[in-house]
Amino acid sequence: MYENRPNTDMEKSAAPFFRITVPPTHFVPRKIQIFPQHHLKNTHKTHKIDIRIAHCDMGDETLCFIPATSHNRKGEWIMNFLVETSARHVHVTQEDLETLFGKGYELTKKKDLSQPGQFACNEKVTIVGPKKEMSASILGPVRPETQIELSLTDARSIGVTAPVRESGDIAGSGACKLVGPAGEVELKEGVIAAKRHIHATPEDAEKLGVKDKDVVSVKVDTDGRSLVFGDVIVRVSPKYALAMHIDTDESNAAGCAGTVYGEIVK
Ligand SMILES: [Zn+2]
């Protein structure tokens with residue numbers, strides 16, 4: 001009934017992948033139990049199986065591309081997601097960008113980020129606090145408000161306040177100065193430590209069993225520093241791609257290295 005074979009297209013990936021076909025009646029909820037463990041004998045010496053659904057198409061049949069990497073104690077399927085670490089960065093308004101880099105300046109893309117339309121820029125600015133200063137990249141595109149996202153370690157190091165906030169919620173947040181090659185911007189607010197969050201499309205959210213603004217706990221299995229993150233806010237939009245974002249403090253606390261996946265735990 002189920003087909004399971006290594007997917008050659010994905011062999012270059014660090015994780016072994018399997019492609020399975022399930023009948024249309026099998027909608028894919030957060031947890032399903034349809035994968036006989038013996039199929040994975042070649043790659044798993046124990047009965048612990050951790051199956052991550054990388055891609056699903058609903059149709060006459062459901063094709064799932066599954067990187068199977070570690071374990072799930074109950075042998076259940078769990079829809080996991082990539083946990084990405086965001087280093088400190090700055091979002092700028094067009095006006096502030098021009099103050100920092102010169103009139104008419106436009107951001108230049110260094111690389112695309114996981115969220116559609118978002119990109120890391122070549123431009124860097126200096127964030128200046130009362131105690132110290134540090135460099136940070138700008139993330140594009142430009143936004144309606146300038147926002148500086150620091151880890152709490154960064155904030156303490158340069159001597160600024162960074163309340164834990166959702167992106168965009170900057171009223172009464174920390175102050176700092178930004179310095180670019182063409183000028184400076186003094187900000188009365190805008191410095192935050194980003195509240196950890198999951199970006200999900202409405203389809204992803206349904207499969208995960210969550211909705212917009214839900215607050216969940218996420219378990220991250222790492223080598224020697226596994227951690228359950230509480231207070232993770234779920235953000236749902238068709239413009240997103242499924243991923244969880246944490247900052248460098250959180251990433252270090254969990255010993256995240258390489259590709260890391262998270263699992264919602266109740
Ligand atoms: Zn994010």
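Okay, let's start with strands 9 and 10: they pair in the antiparallel sense over 7 bridges. By pairing I mean that DSSP finds at least two bridges between the strands. Helices (H or I, at least four residues) and strands (E, at least two) are DSSP runs, numbered from the N terminus.

Quick caveats. This is a predicted model, where local features need pLDDT of at least 70, side-chain atom pairs count only at pLDDT 80 or more, and totals for chains, interfaces and linings use all residues. Residues are numbered from 1 along each chain as its sequence is written.

Back to that pair. A hairpin through 4 residues links strand 9 to strand 10. Strand 10 (residues 133–140) has another partner too: strand 7 (residues 89–91) runs parallel to it, with 2 bridges. In that pairing, H89 sits opposite S137.

Now, V128. It belongs to strand 9, which covers residues 119–128, and it stands opposite E133 in strand 10. Buried needs 20 or more within 10 Å, exposed is 12 or fewer, partly exposed is in between, and C-beta atoms are placed from the backbone.

Who does V128 touch? Skipping neighbours within four places in sequence, V128 contacts E133, C176, K177 and V179; contact means C-beta atoms, placed from the backbone, within 7 Å. I158 is 30 residues from V128 in sequence, yet their C-alphas are 7.1 Å apart.

Zooming out, the protein chain has 4 helices and 19 strands, and 32% of its 266 residues are buried.

Technical notes. Contact = placed C-beta atoms within 7 Å.
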